[in-house]
Amino acid sequence: MTSNLSVTVESAAEVRRDVVRMIGMARSGRVASALSIVDILVWLYGEVLSVRPDEPAWQDRDRFVLSKGHGCPALYAVLAGCGFFPRDELWSYGRLGAMLQGHPELRRTPGVDAPAGSLGMGLGLANGMALALKGRRSTSRICCLAGDGELQEGAFWEAALVSSRHDLGNLLLVIDRNGLRGEGAAGEIVPLDSLKQKMLSFGWSVEECDGHDFESLREGLSRLEALSGRPRCLLAKTRLGKGISFLEDDPSGGRMVLDRGTVDKALLELEKEGDLL
Amino acid sequence: MKTNMRSTRDAYGQALLELTGAGAEIIAVDGDIGSATGAARFASEHPGRCLNVGMAEQNMILTAAGLALEGENVYVASYGSFLVGRGYEQIRSAVAIPGLPVKIVGSCCGVTVGEDGASHQMLEDLALMRVLPGMSVLAPADYTSALALLKGAASSRGPVYIRLGRAPSPDIYEEGDRDFAPGGGRILREGSGVTLCCCGIMVSEALSAAKVLSSQNISAEVIDCYSVSPLPSQMILDSFHRTGCCVTAEEHFSRGGLGEAVAALAGESYPIPVKQVAVFDRFGQSGSPAELQEYYGLTASQIVSAAMQSWVMRRR
């Protein structure tokens with residue numbers, strides 16, 4: 001059973017609008033980095049993950065671990081869209097006492113299965129969860145969404161070795177390949193060439209896809225699912241700031257602070273995207 | 001009191017075996033160092049319950065946290081230097097902030113790890129763990145109390161750090177004594193002249209020091225402060241009211257450990273002189289455990305000397 005979120009360009013545009021509004025109101029948050037994972041999240045929650053928004057701790061749910069914690073505005077908007085909590089909560093994101101913290105926190109937010117914020121730790125956590133579920137012969141799956149920038153962290157690679165050592169077939173890792181790190185473009189800082197080969201050599205099944213195209217994501221996953229035993233990695237090519245032209249081209253690497261003017265401009269572009277449908 | 005010598009680290013494998021034997025479903029995360037921590041002993045009897053994720057402390061903590069997220073009862077053990085040192089940020093982000101009941105066991109801590117030298121001689125683990133909100137920090141003095149605390153941690157609702165040592169230390173408690181819990185302490189000798197707050201290997205040194213002090217007509221009250229955080233505050237304050245002066249003793253840096261915790265308690269609630277016996281602003285080095293204890297002043301005679309100084313300044 002998945003949520004009622006529809007996997008359409010339209011609902012992704014709605015999520016993007018909420019992300020822009022949240023970050024605009026909070027005056028804080030990495031908007032471009034959140035926008036690159038919107039389509040992946042809509043697809044995951046709309047048709048891949050088995051969850052019960054009215055029973056967030058349902059034991060047989062599929063688990064989701066957001067490793068790139070700074071992308072959480074997108075996760076929050078999707079969770080609200082699924083009905084995990086009222087959409088009004090989005091507008092107090094990052095405020096004192098808010099349900100929605102600047103980075104995901106356990107127990108505060110219905111639907112958040114793992115803590116995040118420190119980069120590179122999601123896969124290790126997902127491994128532990130996958131091992132526990134495998135040990136008790138659960139049919140639940142674990143999905144971890146990591147950014148390519150955080151693959152600079154050594155802990156990610158420590159964990160990647162363990163996933164294959166234990167044949168964690170219940171684990172799906174999606175890498176948001178937006179090609180950007182904290183301070184600049186991919187390759188300029190630490191090269192991450194041949195990522196597919198790197199993951200293959202670590203013992204993973206790997207497929208590539210377009211992280212903004214639902215059909216491509218579906219095909220990528222179904223190719224992975226045809227392979228058994230090994231942990232699965234979907235390399236999803238994405239674009240930072242996807243959906244908003246001036247963010248897609250933002251040379252600051254998505255650090256742009258959204259003021260009232262840029263929020264309106266962004267929302268206008270996203271309205272157009274909706275209108276085209 | 002017995003004089004049998006055992007290492008506290010040996011209690012780890014035994015605790016896992018006893019817990020599992022009693023029906024608890026424990027998972028031990030090992031970092032390819034199970035023969036040193038005692039996890040290997042557990043693994044040989046329950047291979048399915050010991051998870052060796054390799055020599056990767058960050059990932060050990062993350063895997064343990066992930067298991068705990070799914071409700072598993074998890075212990076994770078390695079050399080304190082590396083588990084707490086390298087794994088600190090993971091302990092903070094993935095265990096302490098979400099408040100997961102992961103049992104973190106720092107094995108082979110302190111200068112008494114001996115010949116391995118400074119890199120392996122963890123002297124700041126209590127400080128690093130004590131500053132984390134919600135983390136219970138335990139530093140048992142002997143095998144029996146280590147075993148009890150390790151086993152008791154299985155039912156903890158929050159994260160626990162347990163510090164163990166490699167060098168054999170004298171048995172303090174009777175076999176089977178289970179009266180140990182986070183926030184607790186044990187008065188091992190009553191007195192009204194000076195309070196000796198100590199933990200780990202320094203407990204037996206404090207008991208020796210108390211005998212010497214007694215010959216000088218200073219009756220020392222010896223408190224095993226095995227729960228470094230939360231401290232057995234009321235027990236310590238009651239003792240301060242009786243004695244009016246204190247000495248702390250620990251196999252740890254003077255900064256951030258038991259001594260500063262006790263001094264802060266005194267400052268807040270009942271100001272009295274608190275002298276520290278600890279390692280002051282320097283790292284360890286190679287040597288035999290006994291030589292290093294002597295060289296770094298972690299001895300009964302140092303406690304006696306500090307007690308005399310503290311007693312002179314006592315609050316009357």
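Predicted model: local features only at pLDDT ≥ 70, side-chain atom pairs only at ≥ 80, totals over all residues.
**View 1. Chain B as a whole has 13 helices and 14 strands.** The radius of gyration is 19 Å, close to the 20 Å from the globule rule for 316 residues, so chain B is as compact as a globular protein of that length. Along the principal axes, the C-alpha atoms fill a box of roughly 60 × 40 × 35 Å.

**View 2. Burial and contacts in chain B.** Of the 316 residues, 64% count as buried. Take the contacts between residues at least 6 apart in sequence: 78% of these join residues at least 24 apart.

**View 3. Charges of chain B.** The chain carries 24 positive and 32 negative charges. Their mean positions lie 6 Å apart.

**View 4. Helix H1 of chain B covers residues 10-21.** Its 12 residues should span 16 Å at 1.5 Å a residue; the end C-alpha atoms are 17 Å apart, which agrees. Just after H1(B), B:Gly23 has a positive phi of about 100°.

**View 5. H1(B) is mostly covered.** Nine of its 12 residues are buried. Among them are B:Tyr12, B:Gln14, B:Leu16, B:Leu17 and B:Thr20. An α-helix has 3.6 residues a turn, so residues three or four places apart point the same way.

**View 6. Elements around H1(B).** The cover over its buried residues includes strands S2 (26-30), S4 (73-79) and S5 (103-107) of chain B. Helices H2 (34-37), H3 (39-45) and H8 (143-152) of chain B also contribute.

Notes
Residues numbered from 1 in each chain as written. Chains lettered and ligands numbered in written order. Heavy atoms only, no water. Helix = DSSP H or I, 4+ residues; strand = E, 2+ residues; numbered from the N terminus. Rg over C-alpha atoms; globule rule 2.2 N^0.38 Å. Buried < 20%, exposed > 50% of the residue type's maximum accessible area, 1.4 Å probe, protein only. Contact = heavy atoms within 4.5 Å. Lys, Arg positive; Asp, Glu negative; His and termini not counted. Charge placed at Lys NZ, Arg CZ, Asp CG, Glu CD. Expected span 1.5 Å × (residues − 1).
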